[in-house]
Amino acid sequence: MVVGVLALQGDFDAHAKVLGALGAQPRAVRTPADLEGLDGLIIPGGESTTMTLGIEREGLAGPLRELDVPIFGTCAGLIMLDREHLGLMDIRAERNAFGRQVRSFEADLDFPGIEGPPVRAVFIRAPWIAEAGDDVTVLASVDGHAVAAEQGDMLVVSFHPEITGEHRLHERFLERVRARCSAPPPARGRGPSAA
């Protein structure tokens, strides 16, 4: 499995290391040509405004919208997928919702379908999901605010699983990638205008 990691800005190296440890072949994605032949894509955390400018500068917005593979967005990656940015997921993110960097914190989260101890989540200038469409399944919340969700073959979290040694969310994502690699994909709707 070849899994791209958007490498314009943010913690893309840490995601690449996790992917490699789990048996996937990571590829840094900086230009539209880097999207060719991918089986999945991770959009990492970082600074969402800088990431948006990089996507525009490299002409990646259209190719990312057309990419038909499972996508995993973490922190700023969650923001990039929302209605107001790439528009691939029917959510609206609230940036820096938990406060600035000095308000960073950790929490233990229970995820449906993930066995074992709770997922240790590190929140750094984290967003939360302020609105979610009917096709979006919220997977975890903190103080009543959604911090993880999935829609079709997209998974988003507002924290940083790549920096804690927590690989189970990457494994969940890679299971979806494997499933798509081994079977022809059904027709799918993406974004708020999906039927």
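Helices (H or I, at least four residues) and strands (E, at least two) are DSSP runs, numbered from the N terminus. This is a predicted model, in which local features need pLDDT of at least 70 and side-chain atom pairs count only at pLDDT 80 or more, while totals for chains, interfaces and linings use all residues. Residues are numbered from 1 along each chain as its sequence is written, and side-chain values use heavy atoms, with hydrogens and water left out.

**Strand 3 and its partners**

Now show strand 4 (residues 71-74) whole; strand 3 runs parallel to strand 4, and three bridges join them. Two strands pair if DSSP finds at least two bridges between them. Strand 1 also pairs with strand 3 in the parallel sense, over three bridges. To find this pairing, select V5, whose bridge partner in strand 3 is I42.

Colour strand 3 (residues 40-43) by side. G40 and I42 are buried on one side, L41 and I43 on the other, which leaves both faces covered. Buried means under 20% relative accessible area, exposed over 50%, and partly exposed in between (1.4 Å probe, protein chains only). In a regular strand the side chains alternate between the two faces of the sheet.

Go to M1, in the segment before strand 1 (2-6). M1 is partly exposed because its relative accessibility is 27%. Beyond its neighbours within four places in sequence, M1 is in contact (heavy atoms within 4.5 Å) with residues including A24, D39, L174, V177 and C181.

**Helix 1**

Select F12, A14, H15, V18 and L19, the buried residues of helix 1. They lie on the same side of helix 1 because they cover an arc of only 160 degrees around the axis; the arc is that of the directions from the helix axis to the C-beta atoms. These buried residues pack against strand 1, strand 2 (25-29), strand 3, strand 4 and helix 5. Turn to the face away from the buried side to see the exposed residues K17 and A21. After helix 1 comes G23, with a positive phi near 95 degrees.

**The cores**

Next, select L109, F111, F123, F159, L169 and F173, the residues with the most contacts inside the largest nonpolar core, which has 31 residues. A nonpolar core is a set of buried Ala, Val, Leu, Ile, Met, Phe, Trp, Tyr and Cys residues joined through side-chain atoms within 4.5 Å. Helix 5 gives the largest share of this core, four residues. A second, separate core has 30 residues, among them V2, L6, L41 and A149.

**The aromatic cluster**

Finish with F105, F111, F123 and F159, a cluster linked by ring pairs. Rings of Phe, Tyr and Trp (its six-membered ring) pair if their centres lie within 6.5 Å; planes under 30 degrees apart count as stacked, over 60 as edge-to-face and the rest as tilted. The count comes to four aromatic pairs. F105 and F123 are stacked, at 4.6 Å centre to centre with 10 degrees between the planes. F105 lies in strand 6 and F123 in strand 7, so this pair ties together parts that are 18 residues apart in sequence. F105 is partly exposed at 25% relative accessible area, whereas F123 is buried at 1%. The pair of F111 and F159 is edge-to-face because the ring centres are 6.3 Å apart and the planes are at 70 degrees.
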